[in-house]
Amino acid sequence: MFAYLVRRLLATIPVMGVVAIFVFSLLYLSPGDPAVVIGGDTATLEDIAKIREKLGLDRPFLVQFGTWLWNVVRGDLGISIFTNLPVSKLILQRVEPTIALTVSTLLVTVCVAIPMGVLAAWKAGTWIDRLVMAFAVLGFSFPVFVTGYLMIFSLSIWLDLLPVQGYVSITNGFFAFLPNMVLPSLALGMVYIALIARITRASMLEVLSQDYIRTAHSKGLSKPNVLFGHALKNAAVPIVTTLGIGLALLISGVVVTESVFAIPGLGRLTVDAILRRDYPIIQGVILVFSAAYVLINLMIDVTYTFLDPRIRY
Amino acid sequence: MAVTALDDATDIGASRPVTIREIVRRHPTVVIGSGLLLALVLMAIFAPYLGTVDPQALSPIRRLRGPSEQYWFGTDMLGRDVYSRVVYGARISLVVGLSVALLSSAIGLAIGLVSGFNRPVDAVVMRIMDGMMSIPAVLLAIALMALTKASIENVIFAITIAEVPRVSRLVRGVVLSLREQPFVEAARATGTRSWRIVVRHILPNTLAPLIVQGTYICAAAIITEAILSFLGAGTPPNIPSWGNIMAEGRSLFQVAAYIILFPGMFLSITVLAVNLVGDGLRDALDPRLARRM
């Protein structure tokens with residue numbers, strides 16, 4: 001187990017290496033000379049040359065990449081061009097709403113999608129199954145910002161049930177925090193729910209045709225016991241895998257959702273950075289999101305041993 | 001031999017003529033999907049003849065009028081006709097969706113074939129693809145858009161790059177499993193050259209999953225274009241695309257909801273239509289996968 005963990009951790013190095021090269025090239029290839037930007041309007045050619053030297057911009061690509069990578073490994077993601085603040089500090093300031101939104105969406109998804117998938121598989125071929133599958137197709141087709149605005153119009157503006165936009169930190173108390181999280185998590189979760197419901201149904205259908213399920217039924221176990229205790233447990237591995245892979249979908253959605261619901265998280269930070277062409281921030285956010293994605297999927301691989309004791313590493 | 005086999009096949013087909021009604025009853029979703037898609041394509045092509053005006057024509061006096069008989073979908077903050085903008089916007093979404101699907105399928109097919117047949121190349125290429133896939137597609141496209149100037153070509157280019165890793169992984173997987181199949185081994189045993197095996201035996205078998213994947217990529221690309229434009233990193237603002245129209249309506253959504261709702265509705269219907277066609281193609285071309293999903 002330990003050896004496997006080490007091997008998997010080492011395997012993430014080339015993946016993160018590719019991400020690092022991509023992200024660095026982004027700054028390297030970006031139009032405009034950072035030295036000119038920093039120098040300002042009054043800088044002479046000599047000033048700019050000096051700034052270039054100080055920043056190391058006159059050195060070869062590989063040397064620059066090495067220096068940059070060393071800084072990143074130590075947690076230094078560079079300085080934002082626009083605000084002149086360290087990117088790592090800006091990211092830390094904005095990370096809470098994004099984590100809150102992601103976690104609450106994950107919770108909503110697991111609580112809604114898995115029962116839906118189980119139900120559809122149990123009632124396979126009936127109108128319930130067809131309803132769930134229809135929902136899955138619709139969920140895939142409605143982009144998160146369309147769902148988001150539809151929910152704002154219907155639930156916030158017409159029915160006045162929930163706040164329209166904004167974010168209240170969880171440090172102000174859970175019940176102040178909750179109302180602002182409901183719509184964003186539902187809107188963001190829609191695609192994810194569709195995906196997980198679909199894979200749950202597929203995985204459950206496969207398990208429900210097994211002999212041991214028939215045995216469980218025939219020895220008189222209750223329906224819920226068979227479905228959740230026996231079948232779902234054995235159908236769990238593909239579901240958890242898809243939860244991990246779908247995280248990429250979720251992260252893409254976070255950027256948009258935060259814009260729709262005016263949540264001051266990493267997504268907003270990214271969008272503002274694009275509009276200002278603040279490359280160090282774009283780099284930093286991509287690095288953080290990709291690292292999170294890779295690490296979470298690594299963790300998911302490790303959980304397989306708990307979900308299915310037959311899997312040994 | 002081949003001729004008789006073909007004749008047999010047509011005989012079987014001819015013995016039970018399939019009526020249109022039967023097709024509709026058996027695959028209702030595909031029929032609805034392709035019908036919707038056809039309507040949208042026609043709408044995009046004939047946009048100038050559908051009662052539209054110049055989608056860019058400003059008319060500040062008539063700004064922010066709600067939907068009415070004269071302005072079906074209302075007017076935006078610059079007095080432009082939202083209906084005309086939405087109808088013309090279909091062009092962008094469909095062109096981007098189709099181009100990305102074709103381009104990324106072609107590039108992904110090439111990479112996947114080479115990588116599935118050449119181990120050293122495979123090791124390097126798949127690490128690169130893994131790295132690219134760990135960057136969420138929208139972020140990858142955003143980053144690429146930040147490097148270049150806003151234009152439709154660049155949007156297509158950026159989304160294609162974000163989608164290529166998925167296609168090449170799919171094709172590589174198919175190639176790897178096909179390589180072990182008896183018919184490929186037989187071909188190799190009879191001394192067929194590698195390129196001939198690829199062209200005659202491997203390539204035709206990758207097409208079915210590739211076409212299915214292509215439609216899903218088309219749907220994803222339409223959404224990604226709208227997201228990029230909505231965030232201000234996509235199609236230039238002087239071209240009416242659904243994402244752009246929604247971005248412009250964003251600050252006004254409490255007073256003029258229709259500016260966001262109409263393009264949003266068309267966007268969702270288009271993606272739905274493409275997805276329905278994709279599901280239908282999957283059921284028809286890849287029955288094994290269809291049973292699993």
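A:Ser290 is buried, with a relative accessible area of 0% (buried means under 20%, with a 1.4 Å probe and protein chains only). This comes from a predicted model, where local features need pLDDT of at least 70, side-chain atom pairs count only at pLDDT 80 or more, and totals for chains, interfaces and linings use all residues. Side-chain values use heavy atoms, with hydrogens and water left out, residues are numbered from 1 along each chain as its sequence is written, and chains are lettered from A and ligands numbered from 1 in the order in which they are written.

A:Ser290 sits in helix H12 (residues 279–307) of chain A; helices here are DSSP runs of H or I, at least four residues long, numbered from the N terminus. Its side chain reaches over to chain B, to the backbone oxygen of B:Ser134 at 3.4 Å. Setting aside neighbours within four places in sequence, A:Ser290 is in contact (heavy atoms within 4.5 Å) with A:Met16, A:Val19, B:Ser134, B:Ile135 and B:Pro136.

The two chains also meet helix to helix. H7 (residues 144–158) of chain A packs on H11 (residues 258–285) of chain B at about 135°, with the axes 10 Å apart. On the chain A side, the contact uses A:Phe145, A:Val146, A:Tyr149, A:Leu150 and A:Phe153; H11(B) brings in B:Ile260, B:Leu261, B:Gly264, B:Leu267 and B:Ser268.

As for chain A overall, there are twelve helices and zero strands. Its C-alpha trace spans about 85 × 55 × 35 Å along the principal axes, and buried residues make up 47% of its 313 residues.

Key: Axes are lines fitted to C-alpha atoms, for helices over the stretch in contact, and angles run from 0 to 180 degrees between N-to-C directions. Buried means under 20% relative accessible area, exposed over 50%, partly exposed in between (1.4 Å probe, protein chains only). A polar contact is a pair of N or O atoms within 3.5 Å; within protein, one must be able to donate a hydrogen and the other to accept it, and residues adjacent in sequence count only if both atoms are side-chain atoms.
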